[in-house]
Amino acid sequence: RVRKAMQMAIDLPAIAGNYYGGSADPHPQTLTSSDMMEWGFPYAKWPQDLKDEYAYNPAEAKKLLTDAGYPDGFKTNIVADAAEPLELLQIVKSYLAAIGIDMEIRTMDSAALATCQTNREYDQMVDGTSGGTLGMVNEPLYHLQRFQTGFKVNFPMVNDPVFDAFLPKAIATRNIDELKQVLRDANERVARQHYAISLVQPRLFGVTQPWLKGYSGQFGAQVNHNQLLSFYLARFWIDQNVKKSMRK
């Protein structure tokens with residue numbers, strides 16, 4: 001109830017429209033990015049009762065806190081990277097304050113934060129606004145590890161036997177449709193359990209020269225999967241005719 005209340009306290013469309021100037025998906029994300037199309041559990045396919053849990057509703061959020069035993073709210077904290085912009089966290093802080101939750105933002109340098117995350121030294125929340133915890137683009141089996149009990153990047157420290165069962169089920173299947181269903185079910189589990197607060201997904205823009213051919217957005221400024229770099233680079237090429245024509 002507390003996690004659900006925190007989510008319902010935040011106006012996602014307002015953040016998408018005002019903070020990101022409309023260049024963000026205003027809908028919540030679950031484990032898998034909605035950009036993966038046929039994979040995961042995109043918002044458009046959510047049942048209405050689940051959509052309601054992510055709709056901006058501070059009155060219902062306050063009721064949930066009361067039902068959970070916190071009628072006057074509570075104090076909490078979040079650790080964040082001092083090198084990252086903190087405006088979004090300040091917005092979240094103000095939304096939570098409106099339902100009685102006082103969230104202190106504790107900043108530290110990037111190296112200290114990485115150590116804090118690795119050693120699980122935070123006692124409340126950890127910021128995922130830059131790298132993110134939800135709405136990621138990864139291959140299916142890695143998605144199913146990310147909230148596995150004890151996994152290295154399971155920063156919300158989820159310990160859920162229901163979620164843990166998804167990975168072995170996916171490994172056992174040899175059918176692509178069954179694999180998609182496992183990932184879809186895992187995404188719904190993440191959405192319904194509110195393991196992490198879902199914020200909006202900002203759109204990333206890449207600019208390339210018109211003579212670069214074969215590139216269609218395979219990776220941008222943040223290349224996390226370096227093992228794929230050689231695969232993609234071998235498939236790009238320069239159209240010298242286009243390049244020469246633009247020099248005239």
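The structure holds 11 salt bridges, a salt bridge being a side-chain nitrogen of Lys or Arg within 4 Å of a carboxyl oxygen of Asp or Glu. This is a predicted model, so local features need pLDDT of at least 70 and side-chain atom pairs count only at pLDDT 80 or more, while totals for chains, interfaces and linings use all residues. Residues are numbered from 1 along each chain as its sequence is written, and side-chain values use heavy atoms, with hydrogens and water left out.

One of the bridges pairs Glu53 with Lys4, with the closest N and O atoms 3.5 Å apart. It ties together distant parts of the chain, since Glu53 sits in helix α3 (residues 48–54) and Lys4 in helix α1 (residues 2–8), 49 residues apart. Helices here are DSSP runs of H or I, at least four residues, and strands are runs of E, at least two, numbered from the N terminus. Glu53 is buried at 13% relative accessible area, and Lys4 is partly exposed at 25%; buried means under 20%, exposed over 50%, and partly exposed in between (1.4 Å probe, protein chains only).

Lys63 also bridges to Asp67, at 3.0 Å between the closest N and O atoms. These two are four residues apart in helix α4 (residues 58–67), so about one helical turn separates them.

Then there is helix α6 (residues 110–118), where Leu113, Cys116 and Gln117 are buried. Seen down the axis, the buried residues of α6 fall within an arc of 95° and so line one face of the helix, the arc being that of the directions from the helix axis to the C-beta atoms. On the other side of α6, Ala111 and Thr118 are exposed.
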